[in-house]
Structure formats: C-alpha cells, structure tokens
Amino acid sequence: MTTETAHRAGAAGNADGVGAWAVLLPAERYEAERLVHHDTLELTGLTDVARPGLGDQVAVLVDAPPRLVALGRVSTPGRRHREDPDDPQSPTEPGTLVVAYTRRAFDEPVPADLLALDGPVTALEPAAFRALADQLGPPPVRRTWLVSLDLPIEAATPAEAVRLFWSYVQELGPRELPAFVSPAGDELAMQAFVLGEQANQDPEEDD
C-alpha cells in the first residue's frame, strides 16, 4: 500500500472526512506511558510513512499480541516529550505525530487480534475503528484517590529534607519508588504500586 493510497484509505468512508488510524507503540513506550500521565502521545521518525491528518481518530495499540491501549485524535505539534519518556523537556522534532488522548486503557488493554497492521502507522476503515472503540465500553466512573510517597530522609533542616526528597523522586522516579494509593475515606484499602503494577511491600508475606 503506497503512502498516498493509505492516506486516502484512512480519510475516506467517513461523512465528515475524518480518517481513522492505528498507531503501534514499541514495548518501552507502552511502559513509559503507563508510568507517567501524559495528555498527548508524541511519536517521531514517521516522515516516510503515511501520516494521519489533523483531527483524525487514532487507535493506540501494542503488539505481541495486538491490544488496544488508548484512543485519541491527531492534534497540532507542541513540545516533544521523548528525550526522557518519564520527564521530557525537548523541543518538537520534524515528523512528530501528536495524538491527544481521549480514552486510556493502559491498565486493562482489550484484544485486537483481528486487526492487520502493516507498520507503525496503519490506515483503518471507520467501521474497524468503531469496532475497536466499542470494545472499551463506557468510561469508568472517576473517583478521588489518596496517593502518597513516604521517604525517610536525614537532613539538618526541614527545608533541606524537602529538597532531598524531590531530588530522590526525580532520580529514582516511578520505576523504583513505591507509591501508596487508597480510595478517599478508605485508607485500609491502601495498595503499593511500582512500575505501574501492584507491588507487595510486606517482607513477611514474601517468606
């Protein structure tokens, strides 16, 4: 499929002219997107492939096996968020595809086994996109959570302790530090998470 044919395939078949596409995330990017909340997904190095247009719908997938992890729409480029996937601050690069998330399912991906992907960006028929989106069902009800991070820090003053705290947080990040989360009003249900996954922090239970 040529670039021109693929772009027509993605943009055609919808009454409003909005195209539909599938974007395949590398495994390390999937992990980074799960660890830190981003409003947009930014992918670089796509200058030689078919490109979605502004406002096109995007299904974000991971492979092996294919699973749907998010939905979004193509937006205008802003800042490039990929020098460090956890805390990026780099300028936008040529060929950057920016997708504004409209729905996330990183923690509970849905199967996309029937979808044939031919590269990092694949044009979809609108019906195929709708079928994928329908598998997500209605958005879950949002609620208030209490999230905490406790670090024992030796320092001469409270201000120095706070500075050291933020230094450790920036250095270690969500890949090494456990965060504790519980529903507001139900602290007994607290759970620890590391690397985006629930992690047991009770050494007695490991024995």
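Here is a short walk from the whole chain down to a few single residues.

First, some ground rules. This is a predicted model, where local features need pLDDT of at least 70, side-chain atom pairs count only at pLDDT 80 or more, and totals for chains, interfaces and linings use all residues. Residues are numbered from 1 along each chain as its sequence is written, and side-chain values use heavy atoms, with hydrogens and water left out.

Now the big picture. The chain has 5 helices and 11 strands; these are DSSP runs numbered from the N terminus, with helices being H or I of at least four residues and strands being E of at least two. Of its 207 residues, 35% are buried, where buried means under 20% relative accessible area, exposed means over 50%, and partly exposed is in between, using a 1.4 Å probe and protein chains only. If you take contacts (heavy atoms within 4.5 Å) between residues at least 6 apart in sequence, 65% of them join residues at least 24 apart.

Next, find the open sheet of 4 strands, which runs E8-E9-E10-E11 with antiparallel pairing. Strand E8 (145-148) and strand E11 (197-198) are at the edges with a single partner strand each, so one side of each has no neighbour in the sheet. Two strands count as paired if DSSP finds at least two bridges between them; E8 and strand E9 (residues 179-183) have 4 bridges. Look there for valine 147, which sits opposite valine 181 in E9.

Arginine 103 is buried but has no salt bridge, and the nearest side chain of opposite charge, glutamate 108, is 7.6 Å away. For a salt bridge, a side-chain nitrogen of Lys or Arg has to be within 4 Å of a carboxyl oxygen of Asp or Glu; as for charge, Lys and Arg count as positive, Asp and Glu as negative, and His and the chain ends are not counted. What the arginine 103 side chain does reach is the backbone oxygen of leucine 136, at 3.4 Å. Leaving aside residues up to four places away in sequence, arginine 103 touches several others, including Ala70, Leu71 and Pro138.

Most residues other than glycine have a negative phi, and most peptide bonds are trans. Here, though, the bond from alanine 64 to proline 65 is cis, with omega near -5°, and phi of alanine 64 is positive, near 60°. Alanine 64 counts as exposed, at 67% relative accessibility.

Conventions. Polar contact = N/O pair within 3.5 Å; in protein donor to acceptor, adjacent residues only side chain to side chain.
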